[in-house]
Amino acid sequence: MSCEIKQKERVGTINPIFTCQPAGAQYVSIGVKDCIGIVHGGQGCVMFVRLLISQHLKESFEIASSSLHEDGAVFGALNRVEEAVDVLLMRYPHVKIIPIITTCSTEVIGDDVDGVVIKLNEGLLQEKYAGREVHLIPIHTPSFVGSMVSGYDVAVRDFIRYFAKKDKTSEKINLITGWVNPGDVTALKHLLSEMQIEANVLFEIESFDSPLMPDGNSVSYGNTTIDDLTQTGNALGTIALNRYEGGKAAAFLEKEFDIPAIIGPTPIGIRNTDTFLQNLTRMTGKPIPESLVRERGIAIDALTDLTHLFFADKKVAIYGNPDLVIGLAEFCLDLEMKPVLLLLGDDNLAYPNDPRIQALKEKVDYEMEIITNADFWELENRIKNEGLELDLILGHSKGRFIAIDNNIPMVRVGFPTYDRAGLYRHPVVGYAGAIWLAEEIANTLFTDMEHKHNKEWILNVW
Amino acid sequence: MPYHEFECSKCIPERKKHAVVKGPGEDLTHALPLGYLNTIPGSISERGCAYCGAKHVIGTPMKDVIHLSHGPTGCTYDTWQTKRYISDNDNFQLKYTFASDVKEKHIVFGAEKVLKQNIIEAFKAFPDIKRMTIYQTCATALIGDDVDAIADEVMEEMPEVDIFVCNSPGFAGPSQSGGHHKINIAWIKKKVGTVEPKITSDYVINYVGEYNIQGDQEVMLDYFKRMGVQVLSTFTGNGSYDELKGMHRAHLNVLECARSAEYICNELKVKYGIPRLDIEGFGFEPLSSSLRKIGLFFGIEERAQAIIDEETARWKPELDWYKERLKGKKVCLWPGGSKLWHWAHVIHEEMGVEVVSVYTKFGHQGDMEKGIARCEEGALAVDDPNELEGLEAMMTLKPDVIFTGKRPGEVAKKIRVPYLNAHAYHNGPYKGYEGWVRFARDIYNAIYSPIHQLAHLDISKDEIPTGAGFQTAKMLSDVNLSEEVVSSSILRQYTGKYDSVSDLRQKTYPEFKQ
């Protein structure tokens, strides 16, 4: 009885769990105010990522392309970057920040994006845009390295590395959330506010959930400003909630400016939220107030209604972003469930040494598998051909047909969750997230019991 | 027909020749927007890439095929589950997508070996599927992998499998249209003529440029079967790989989307002498005349006419119910390519709406010619639109509804313009007589949505009626209609089912003597 961690044995991917690095960098770019990224590559690398984000959030976001065509692929396409910067600046007068996000094609042809940024800074920006604040940030995200997760991590670091300055002392902390939803940011800011802690929350994406206003003028965009990014260098400390999505930036700030960093844990579930609050106290000296004791109590009360009766021993498969998957697995264990299969969709060599994974390895007392570089076939094949029995799947929408075709209840969580309404509005972090997750799981199991006539009468009284 | 200069694009003068307004009495010789030229970088164009044109639009609707993209996972992931091309084999092609997962070491040392492993693994995972298409992507095209050589090697070692290779990396052309062309030509060059199909009728067609969006192909097949016409293959929606290898034995190529698939029709004409007949499955009149043309070609007009009469009698009163309520509503017809001319005139004639603008993301000048010829005077026609131009056009034209893609639809939503999905449809299929009523129904529901009406009110300023707890679409749409129309005993709202396609799969057809 043990937990085993291994890489997928096949070399190929049958139904990918992750997309590639530029998508992660693009998701970061839309969180920043007055910023429109240019993806240096083929047009599909932007068009489909914009579609993906709009599938998830039901909103449209602006991201540009250098529109690499055949001539550029042969002769080099830096001229396309120069033109793209100019066109974007001319037509979007509010734009101040342009990350230039590379892709596999432009990394393979070896376009010197850093060089062209220097050229533009010394040329075009001085000649044509003198007096206008413009920041060009090269972000290298070749698609054949890492995944959307590392692309996100790299981009957060590059934004912070570009802007962060240390020129005064501040009582604020940096809170780097990782790849989360607007609902998560709301939940995190609520916890900070209850603790009366001032934080620079990266990224301010609550505004991704934007209203339809009577004047018809609202646009969805993130609200993290240049000043926010600059101030990260003055912070009292940094908490990066997700080791793999923001960890690099926290480490950079620690190394460069001696800003103490706490990386993780993702505050999913009661225990990890407790740790997060303790970390906040440790960093700021602010006590945990009675209001949060009460909130925690409400959450525990809600979970107690569900655990032994409905959750105990339920077998769960979880896939998606690594910090999310690990956090969910830990929470499931606290809820008396048995996560039996965790799928991490890229080949990050750090996973086996992650202390949380080490802990699972050492302490789990039943058969559990953790697959890295995983695809969806690792899940589906086990169900269809190897007799894996599951009571629940936790993961994003791209895996929906495994649940549908095999009649396994599934709770959508992570990115993207386009086949359920409004999930981006709900948190999975904090005590509020613990309640939402547990009750969403419970209600999904209940619907399944009714649909299959599987002891559905139990719900008559509980 | 003067060129139209957008305020937002004054600083990029080369855009000026990409938009025109159709003036009174003008014809196409006066001006035509430029088309299918390289995109202006940074303009936030809506175009995709040549890989998606090949893999995502044309390749993947083939239903009994392992679709393997040779490259990093992103191209595969991003284009997966964003379309509604269903199939009658439980949607295998929608559910499964394959990537060779090229990593940095493969970029450096070559990815041919890993591709071969991939092919073998994929066939092993799905032992019932013996057909595969491999799509080149930017990364593997640039490192120069010889995909054809690997495919040949595998086919030699595994004689039971057949592999088609499509070399259409993302950068190969100004838009997805480059990929349409490449996969058309590759298919006829490499695969057509390699299977001898069984001929069961005197009237044999290929149905080309049809992607079975929400079941369009199955609806049209129903008519063809009722006429006793054998459909040898469909290129490519709900189409079968082996059937498509036998395209050369058809008597006629019936072409629907001439933008994406005229190339293969033209080649089939050159190589095998098969004539091309352009048809339209959208709209009562265009569809009826299409069925008549096919009937005429084979000398079975009466069979076509019987279907036309039956279907028109069944569905026309429902179409007209909507037409009465859609008259004069302003539409921006902003699809990808061919629907610009498939729909421009017929939504005007049969639903009464006014097309105030047409645009095309990846169409060529030929598509614009057809579209502008068919749309109303004063309509604004835009080639390769971008985000700001789209917004400016909507602000100026104030359409009642727009037909466009999912993401641009979100842009429209924010300025309170309802949208219908022109590519994947809302509640389709939209082809066929019943489908056309479904389209009218969707337009009606979008325009007269009570929620949409609420979006225009400002609670802080406007006088808000407090007496009514609800409104219905009909309360809104019928307010200015004559009593005669409102209480007509002939006209009626749509009466079909939510799923109008699945029943067709169980249907039996009359046998016609050969």
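1. The lining of the largest cavity in this predicted model is made up of 12 nonpolar, nine polar and four charged residues, where Ala, Val, Leu, Ile, Met, Phe, Trp, Tyr, Cys and Pro count as nonpolar, Asp, Glu, Lys and Arg as charged, and the others, Gly among them, as polar. A cavity here is a set of points, on a 1 Å grid over the protein atoms alone, where a 1.4 Å probe fits but cannot get out, and lining residues have an atom within 4 Å of a point.

2. The volume of the largest cavity is about 260 Å³, a volume being the space filled by probe spheres set on the grid points, which are joined across faces, edges and corners. Of its 25 lining residues, Trp179(A), Asp184(A), Leu324(A), Gly414(A) and Val428(A) lie nearest the centre. The elements giving two or more residues to this lining are α9 (182-194) and α15 (322-334) of chain A, helices (H or I, at least four residues) and strands (E, at least two) being DSSP runs numbered from the N terminus.

3. The second largest cavity has a volume of about 200 Å³, and among the 20 residues that line it, Gly44(A), Cys45(A), Cys49(B), Tyr51(B) and Cys75(B) are the closest to its centre. Two or more lining residues come from each of α2 (44-57) of chain A and α1 (50-59) and α2 (73-79) of chain B.

4. Over all chains, the whole structure has 67 salt bridges, each a side-chain nitrogen of Lys or Arg within 4 Å of a carboxyl oxygen of Asp or Glu. One of them pairs Glu387(B) with Arg50(A), with the closest N and O atoms 3.1 Å apart; Glu387(B) lies in helix α16 of chain B and Arg50(A) in helix α2 of chain A, so this pair joins two chains. Both Glu387(B) and Arg50(A) are buried (under 20% relative accessible area, with exposed over 50% and partly exposed in between; 1.4 Å probe, protein chains only).

5. Lys245(B) and Asp162(B) also form a salt bridge, their closest N and O atoms being 3.3 Å apart. Lys245(B) lies in helix α10 and Asp162(B) in strand β5 of chain B, so the pair ties together parts that are 83 residues apart in sequence. Lys245(B) is buried at 8% relative accessible area, and Asp162(B) is buried at 11%.

6. Residues are numbered from 1 along each chain as its sequence is written, and chains are lettered from A and ligands numbered from 1 in the order in which they are written. Local features need pLDDT of at least 70 and side-chain atom pairs count only at pLDDT 80 or more, while totals for chains, interfaces and linings use all residues, and side-chain values use heavy atoms, with hydrogens and water left out.

Notes
On a 1 Å grid over the protein atoms alone, a cavity is a set of points where a 1.4 Å probe fits but cannot get out, and a pocket is an open set with protein on both sides within 12 Å along at least five of seven lines; lining residues have an atom within 4 Å of a point.
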